[in-house]
Amino acid sequence: MDLINTIIDNTILNQTFQVWISVLFTLMMLSFLFRDNPLYKLGENTFLGISLGYGWVRAWEIAIVPFLIRPIKDAYLDFQPYDITLIFWLLMGSTMFFRFSKTKAWVANYYFAFVFAYVAGYEIPVQVQNLFVQGANMMKPLFEYPTFFEISKWFVIIFGTFAGLMYFFFSKPHRGLLGKTARIGILILMINFGASFGATVMGRIALFIGRAQVLADNVVPSIIITISITVYLIIYFKYIKKEPGLDDELMH
Amino acid sequence: MDVLISRLKKLDRRWIFLLIFLSCIIPFWIPSLFRQEFSTSKETQRVYDIINSLNEGDAIFIDWAFNPTLQAELLPMAEQAIKQCFDKKIRVFIYYPDLTAISLGENLVEKIKKEPRYTEIESGVDYIHLGYLPIGVDMMMFSMYSDFKSTFGKEGKIFKGIKTFDDIKYMMSFAGSAHPEYYILLQRRFGFKMGVGVTAVTGPDFIPYLQTGQLDGMLFGLKGAAEYENLRLKNLNLSTEELNEEKKFNQQANAGMASLTLSHIIMFIFIGIGNLIYFYERKFKKSN
Amino acid sequence: MKKEIPILIGFFATIGWYLEFFFAGTFFENWKMFFTTGFRSVAIVSLIVGIVSVLRVNYSKIKYNNDRWFSVYQMCIIALMIIFASLRGVSPGTPFDAMFTFGFIPLDATVFSLLAFYVASAAYRSFKIKSIESAFLLVAAILIMLSKMPLGEAMWSKIPTIGEWIMDAPTSAGKRAILFGAFLGGLTMMIRIAFGLEKSHLSD
């Protein structure tokens, strides 16, 4: 036992080891940018292993024990009338196993029909409410706005939303006035997509900046590991795996 | 010229990768590369003002719906929001709708507690991790409006005076997906006050809700986080020395801003080159 | 029996939840608590189903030598996590947590950040002004990017205002048009489910 504790303290709980391992994992995954390689695969499987192990342990501790095992134990030791509901729900849950069967899959219908209907039932009024909230807000009185800047927004929002909706209106051919409105609608939608695209680019780059910070803060491990991974990749693609990969044609 | 164009057209994409990589990493070594001042947007200011207007002992609910994938953008936001609550002695309830988010939140709070300002913060009194529930937001909301405490099966002094979700003064949802929309759908029904901290990717989707008032306050991407950091530091009323001391702990998003600028300049240059090639080729084809 | 009764159950469930919106009360409080605990139990059963299915997939991979050693390695890591958790618990500072912080976080965050590079490369390849529509798209994208970083403000102090206008007016208008469509589509779908016209979620 002491041996195990010493090993744990000197590897995963050692600060230097922690820094090196996080830099190593970061660069291992980045090596995919060069080409798919065994290092990336190793990282991928480590990722899956840790996330599954983490999820199982946490689920056991947070969900399975307090909300499944403990109630069952309580019901077994001291049965109360309301425990019948627990039995009912566990039976409902176990119908899901029937989905694996080909002939008896319909048993699970009882549960799924109920769940979908529940979502429908609670969402219908809520969605209508939201639709009205959005619509009402769009049509606020113009004179409430103080500045030209705000008034220009009012015009664009009202006519833009209308034009955008007209673009999705397919019951009549897009000619004449409808065609012109739909044309404005597509421009509005394009600005919308442009803004979304710009924001997407920013968001994705921001994610990498988070990783870049880790690499930049630990210069020595980063440089040493980068060099070793580069050497490995060169050796691997030059001597071990010579045939070109599937996506090499598309590499430019 | 033709040779150059054809070279550029067949440019191996790995060169672009390398340039983006370097443009993100170099500014960390040369932080004074770009001017770092910027104004605060009205949504960020709103989040700050709302939390600032709460009284000591009020409660705030944080919905931590992001896992490590999005921590670069959302972790600084969550950190600042929690710190602002601790500054004002507001009780913080942190709920995780995602299993892999739990350790992220626990580690963040542990890290905050090590800072000199927050050594007296106590678990179960000033904050609590409510953990994860395997049910949807709708069911959780219904349950929280019936009985807040029993929904999560946790105990602590922090629950004193909080019977239902009505007693929570403000909620913030940090997410990089459409997850906050589940709350927004129920917002008009129950009438709670909520703000979001979102990544730049999903940010534009929440603008209509901000305009209707269903959302009150939004932190948008890395810049929103940086604005929030600056805003909080500015309003702490510290002396210059203390401010420099505090800045050591509160510059995570600001540190990335120079990289954001440089990498986008590279992006713009590449988009420009792409368009130049396109126009050159079109002209060339026409003249033939 | 296979579909008719579930549809009938569904119809009454929809009506029940629909009415709940208009008449909240003690009856509905109990009704809601009954289903909250119920859905929680069912979700936990499905968590167990998930665990079983991961084990099954890995078992068949190991048996039929489909990336066998990677599967073995993956199962070893899972076992390691469970051992760490049982040895020293899961709170911050334990080996379990260190595996998460220094193993999972770099891997997870880096995999996702690879997208940054592909987005950049895609922008270079395909972000071209081919028509008026694409010009609008490009200009909006660049203005939004400029307004959301310090450089834009350093260039011209009005850039954030322009960005705000694009976000608040045309983007919000476009988003609303899409939102209305989605809301109406969702409503139609839900009404179809309520009345049993939609059966795609039920198997034969």
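In helix 8 of chain B (residues 180-190), the buried residues are B:Pro180, B:Glu181, B:Tyr183, B:Ile184, B:Leu185, B:Leu186 and B:Gln187, where buried means that 20 or more other C-beta atoms, placed from the backbone, lie within 10 Å of a residue's own. Helices (H or I, at least four residues) and strands (E, at least two) are DSSP runs, numbered from the N terminus. The model is a predicted one, in which local features need pLDDT of at least 70 and side-chain atom pairs count only at pLDDT 80 or more, while totals for chains, interfaces and linings use all residues. Residues are numbered from 1 along each chain as its sequence is written, and chains are lettered from A and ligands numbered from 1 in the order in which they are written.

The buried residues of helix 8 of chain B pack against helix 5 of chain A, and also against helix 6 (137-146), strand 4 (170-175), strand 5 (194-198) and helix 9 (207-212) of chain B. After helix 8 of chain B comes B:Gly191, with a positive phi near 75°. Helix 10 of chain B (residues 221-234) is mostly covered, with ten of its 14 residues buried; among them are B:Leu222, B:Lys223, B:Tyr228 and B:Asn230.

Between chains A and B, 36 residues of chain A are in contact with 43 residues of chain B, contact meaning that C-beta atoms, placed from the backbone, lie within 7 Å. On the chain A side, helix 3, helix 5 and helix 7 each give two or more residues, and helix 7 gives the most, with 17 residues. This side of chain A divides into 23 nonpolar, twelve polar and one charged; Ala, Val, Leu, Ile, Met, Phe, Trp, Tyr, Cys and Pro count as nonpolar, Asp, Glu, Lys and Arg as charged, and the others, Gly among them, as polar.

Helix 7 of chain A also meets helix 2 of chain B (residues 13-29): their axes come within 9 Å and cross at roughly 50°. The two helices are therefore oblique to each other, and their crossing is right-handed. From helix 7 of chain A the contact includes A:Phe208, A:Ile209 and A:Gln213, and from helix 2 of chain B it includes B:Phe28 and B:Trp29. The residues of this contact are nine nonpolar, one polar and no charged.

The contact of chain A with chain C takes 92 residues from each of the two chains. Helix 7 of chain A supplies the largest share of the chain A side, 22 residues.

Terms used
Buried ≥ 20, exposed ≤ 12 C-beta atoms within 10 Å, placed from the backbone. Axes fitted to C-alpha atoms, helices over the stretch in contact; angles between N-to-C directions. Parallel < 35°, antiparallel > 145°, perpendicular 65-115°, else oblique. Left-handed = near helix turned anticlockwise from the far one by under 90°.
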